[in-house]
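Good morning, colleagues. Today I shall take you through one model, with attention to its cross-links, its charged pairs and its rings. Please look at the sequence and the structure first.

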Amino acid sequence: MTWGMRFAVALLALASLLSAACTVTGGSDEPATGARRTGPASGSAPEACLGSAEATRDSIEGTPVWARFCPGPEGRTALAEVPSDALVTHLDLLAGLHHLSAPANPAVARCDGSMGRTYRVQLGYADGRVATVGGHTDPACAGQLAGDGALVGGPETLGVYGAVMTAFGRQYADESVDAPSGVPLVCPEDPREPDSVDLDGASASLDTGYVLGQRRPMIMPLPAVRGIVCTWPFGTEDDEPEVRVLTGEEAERVRIGLHAIAGGTVDCEPGPEPTHTAVVEDRTGTRRAVTILESECSTVIRSDEGYGLGFAWLDR
């Protein structure tokens, strides 16, 4: 794709994002059709997200007994890729969600105006009531509780979206068998082709996921257990990169971020910044990669060749 074509794609993507409502309190809250559960027995977990009038709990105090991402009507917001099942295990990981004191500028805490993807999640509690929290996927952005608009935070390195995504990943991992690829993690020969190092394990066939409100398998539903970052200094993409081994926590941050990349690119003057490719793998041997071209306005190229903007989930 030429830079001119990519710039046109960027303009369309940015125009779409700017025209979408990026808050969780406006617009329709009706669930998308086709929501279903394929995971463990969920007890009182609903088959789909509840309407706004039914999800009015004004607190997230206590541990939820189920959780579900809400894809929302197509085109309502630039929603991140999320699981289509109900979360009914590993709910203790959501104990890290907490109310935030009102900051001087709530809009900044919510990251209003961010071009990143958004999420909306419903949390069901033992008292029978359901809370709805939504916001931007970047870990530094606060979520917002539907109704009174109270701000919600999550673990520092994950935020609300990341904490729920990790819990879902562990639920899926419980149903999977360890089958690591046995192939060493390697950098792509060309960082602009990160999918050249992809491998498909058993998790690649897991049928769960919503992408922009439509059913489609997630790119990597299980947690990442290992990874590397390959770094090419500016102008050295044909040379051997520097390689750093990621911790398990860092690899998981990359895996979550793969599902939260905003679409589109921008055209800009190249700068002297480096290029990074992160390669991560789950317990079944599924391997995915993502490249960040810092010299080109931090343009992102994902394993499925999708272009994006920025990547807050990789600690460079």
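Is Asp112 buried, partly exposed or exposed? Asp112 has a relative accessible area of 38% and is therefore partly exposed. The terms rest on relative accessible area, computed with a 1.4 Å probe on protein chains only: buried is under 20%, exposed is over 50%, and partly exposed is in between.

A word on the basis of these values. The model is predicted, so local features need pLDDT of at least 70 and side-chain atom pairs count only at pLDDT 80 or more, while totals for chains, interfaces and linings use all residues. Residues are numbered from 1 along each chain as its sequence is written, and side-chain values use heavy atoms, with hydrogens and water left out.

A salt bridge here is a side-chain nitrogen of Lys or Arg within 4 Å of a carboxyl oxygen of Asp or Glu. In general, side chains of opposite charge can pair when their charged atoms come close. The structure contains 14 salt bridges. In one of them, Asp112 is paired with Arg110, and the closest N and O atoms are 2.8 Å apart. Arg110 has 19% relative accessibility and therefore counts as buried.

A further salt bridge is formed by Glu81 and Arg216, at 4.0 Å from N to O. Glu81 lies in the loop between β1 and β2, and Arg216 in the loop between β9 (214-215) and β10, so this pair ties together parts that are 135 residues apart in sequence. Helices (H or I, at least four residues) and strands (E, at least two) are DSSP runs, numbered from the N terminus. Glu81 is buried at 5% relative accessibility, whereas Arg216 is partly exposed at 42%.

Arg57 has two partners to discuss. Its salt bridge is with Asp127, with 3.2 Å between the closest N and O atoms. That pair links distant parts of the chain, 70 residues apart: Arg57 is in the loop between α1 and β1, and Asp127 is in the loop between β4 and β5. Arg57 is buried, with a relative accessible area of 9%; Asp127 is partly exposed, with 42%. Arg57 also lies over the face of Tyr125, 3.7 Å from the ring centre. A charge sits over a ring if NZ of Lys or CZ of Arg is within 6 Å of the ring centre and within 35 degrees of the ring normal. Likewise, the charged end of Arg215 sits over the ring of Tyr210, at 5.8 Å from its centre.

I now come to the disulfides. A disulfide is a covalent bond between the sulfur atoms of two cysteines; the cut-off used is a pair of cysteine sulfur atoms within 2.5 Å. How many does a search of the whole structure find? It finds 3 disulfides.

Cys49 and Cys70 are joined with their sulfur atoms 2.0 Å apart. The link of Cys49 and Cys70 is left-handed, with -95° about the S-S bond. Both Cys49 and Cys70 are buried.

Cys111 is joined to Cys141, with an S to S distance of 2.1 Å. The torsion about the S-S bond of Cys111 and Cys141 is about -105°, so this disulfide is left-handed. Cys111 and Cys141 are both buried.

Cys187 is joined to Cys230, with 2.0 Å from S to S. Here the torsion is about -95°, so the disulfide of Cys187 and Cys230 is left-handed. The pair links distant parts of the chain, 43 residues apart: Cys187 is in the loop between α3 and β8 (210-211), and Cys230 is in strand β10 (residues 224-232).

Finally, the aromatic rings. Rings of Phe, Tyr and Trp (its six-membered ring) pair if their centres lie within 6.5 Å; planes under 30 degrees apart count as stacked, over 60 as edge-to-face and the rest as tilted. By this rule there are 5 aromatic pairs. Among them, Phe69 and Phe168 are stacked, 5.7 Å centre to centre with 25° between the planes. This pair links distant parts of the chain, 99 residues apart, with Phe69 in strand β1 (residues 66-69) and Phe168 in helix α3 (residues 159-174). Both Phe69 and Phe168 are buried. One aromatic cluster is formed by Phe69, Tyr119, Tyr161, Phe168, Tyr172 and Trp313.

Thank you for your attention.
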